[in-house]
Amino acid sequence: MNSNGCLTRSELRPLRPPRVPVAPAYSQLQRASASDEPRDADSLRLRRAAGALLLLFCLGTAVGLVHVIGISQQVLARLEAQQPSLLHQPHTQSRDVVRGTWRREGEGANILIVYSDGPHLSKLAAAVEVGVRNVLENETMSLRVRTLENASFAEDVMWADAVVLGTHVVNANVEPKMTKFLSDWSLSEDLSQKVGAVFVTSGGLSAGEELTMVNLLHSLMIFRMIIVGGERWTSAFGASAIVGEGPFEPAGQNSPETRDFPPICYPTDPDAIHDMFRDKAIGLGERVASIASQLRRARRDLLRQD
């Protein structure tokens with residue numbers, strides 16, 4: 001290197017050209033392909049086997065779904081054929097308890113039905129009344145049906161052997177008018193020998209319908225009344241009707257685009273209640289009248305023995 005920092009000719013080295021990879025010989029390629037053939041054949045067989053298994057699985061699933069759909073249609077057809085008989089079964093269980101050779105004239109219990117206003121609640125109260133009349137038969141003087149405006153604790157509740165209260169569901173609770181009516185009851189009076197039951201109407205399936213029934217039953221239990229539920233396990237706390245959701249909502253209150261059920265499921269009468277709810281109310285009325293009549297007869301027999 002000179003004084004100017006430049007390399008001298010003797011210090012310069014010639015640049016080497018880049019190394020070009022040498023192509024493998026044909027014999028080497030032949031040996032490599034021969035060694036890969038068994039491996040490729042095994043993977044190909046595995047892929048074919050997996051594809052065949054997947055095809056069999058899909059075919060089996062399709063056949064199973066067709067079979068399940070066929071069975072479901074048969075079950076639905078049977079249920080539709082049996083639906084009228086299931087919904088309108090006579091409530092002979094409660095009725096036969098009161099009817100019989102031992103029943104004597106004038107032993108029917110005094111039944112009081114008190115409910116709030118409204119077309120749906122009125123129809124449910126009428127169904128409870130039908131059940132009571134099925135048991136009391138011709139003893140019409142033993143039944144009183146009152147609205148909250150016309151009901152009295154002293155004249156009606158104290159007269160009755162059984163009290164059936166009906167209310168709308170308001171914010172998942174008993175409506176204020178029914179609460180006001182219950183607040184007029186006297187705790188000093190003995191109601192422990194009286195039967196109590198309830199029925200309600202609600203706009204939605206999970207909007208406080210059962211909670212309202214239980215709250216109303218709690219109020220009756222404060223007065224030590226004998227609580228009676230419906231005739232079946234599906235109406236254990238009393239009778240209720242849904243009037244504003246699903247297939248129980250009137251057809252005029254929903255648009256065809258928002259319907260989840262066929263049009264035939266929706267009632268055309270805006271004030272109608274489904275036969276299933278009406279049937280439960282009839283069963284409640286029969287059971288209340290049956291048990292109240294038995295208790296009335298038992299008390300009279302005890303008095304006669306004394």
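Student: Is D301 buried, partly exposed or exposed?

Tutor: In this predicted model, D301 is partly exposed, with a relative accessible area of 21%. The cut-off for a buried residue is under 20%, so D301 does not count as buried.

Student: Which residue does D301 meet in a salt bridge?

Tutor: The side chain of D301 meets that of R304, at 3.6 Å from N to O. R304 counts as exposed, at 53% relative accessibility.

Student: How are D301 and R304 placed in helix 7?

Tutor: They are three residues apart in helix 7, so about one helical turn separates them.

Student: How many salt bridges does the count come to?

Tutor: The count comes to 12 salt bridges. One of them pairs K177 with D117, whose closest N and O atoms are 3.1 Å apart. This pair links distant parts of the chain, 60 residues apart: K177 belongs to helix 5 (residues 176–183), and D117 to the loop between strand 1 and helix 3.

Student: What is the relative accessibility of D117, and what is the relative accessible area of K177?

Tutor: D117 is partly exposed at 39%, and K177 is partly exposed at 34%. Through shared partners, salt bridges also join D117, E149 and K177 into one network.

Student: Which residue forms a salt bridge with D156?

Tutor: D156 forms one with R146, the closest N and O atoms being 3.7 Å apart. Since D156 lies in helix 4 (residues 153–157) and R146 in strand 2, the pair ties together parts that are 10 residues apart in sequence. D156 is buried, with a relative accessible area of 3%, whereas R146 is partly exposed, with 26%.

Student: Changing topic: which residues touch the most other members of the largest nonpolar core?

Tutor: That core has 32 residues, and I111, I113, V132, V164, F199 and V288 touch the most other members. At least two core residues come from each of strand 1 (111–115), helix 3 (119–136), strand 3 (162–170), strand 5 (195–202), strand 7 (239–242) and helix 7 (275–305). Helix 3 supplies the largest share, eight residues. Apart from this core lies another, of 24 residues, which include V114, L182, L220 and M225.

Student: What does F199 touch?

Tutor: Leaving aside residues up to four places away in sequence, F199 touches I113, Y115, L121, L124, A125, V128, V164, L165, G166, T167, A239 and L284.

Student: Back to strand 1: which way do its residues point?

Tutor: I111, I113 and Y115 point one way, and L112 and V114 point the other way. In a regular strand, the side chains alternate between the two faces of the sheet. Strand 1 is mostly covered, as five of its five residues are buried.

Student: How many bridges join strand 1 to strand 2, and over how many do strand 1 and strand 3 pair?

Tutor: Five bridges join strand 1 to strand 2 (residues 143–147), and these two strands run parallel. I113 has V145 as its bridge partner in strand 2. Strand 1 and strand 3 also pair in the parallel sense, over five bridges. There, L112 stands opposite V163 in strand 3.

Student: One last topic: where does UniProt place the "transmembrane region"?

Tutor: The unreviewed UniProt entry places that feature at residues 49–70. In the model, this span is 100% helix and 0% strand, and its end C-alpha atoms lie 32 Å apart.

Definitions and conventions:
Residues are numbered from 1 along each chain as its sequence is written. This is a predicted model: local features need pLDDT of at least 70, side-chain atom pairs count only at pLDDT 80 or more; totals for chains, interfaces and linings use all residues. Side-chain values use heavy atoms; hydrogens and water are left out. A nonpolar core is a set of buried Ala, Val, Leu, Ile, Met, Phe, Trp, Tyr and Cys residues joined through side-chain atoms within 4.5 Å. Buried means under 20% relative accessible area, exposed over 50%, partly exposed in between (1.4 Å probe, protein chains only). Helices (H or I, at least four residues) and strands (E, at least two) are DSSP runs, numbered from the N terminus. Contact means heavy atoms within 4.5 Å. Two strands pair if DSSP finds at least two bridges between them. UniProt positions are given in the numbering used here, feature names are shortened, and annotations may be inferred rather than shown by experiment. A salt bridge is a side-chain nitrogen of Lys or Arg within 4 Å of a carboxyl oxygen of Asp or Glu.
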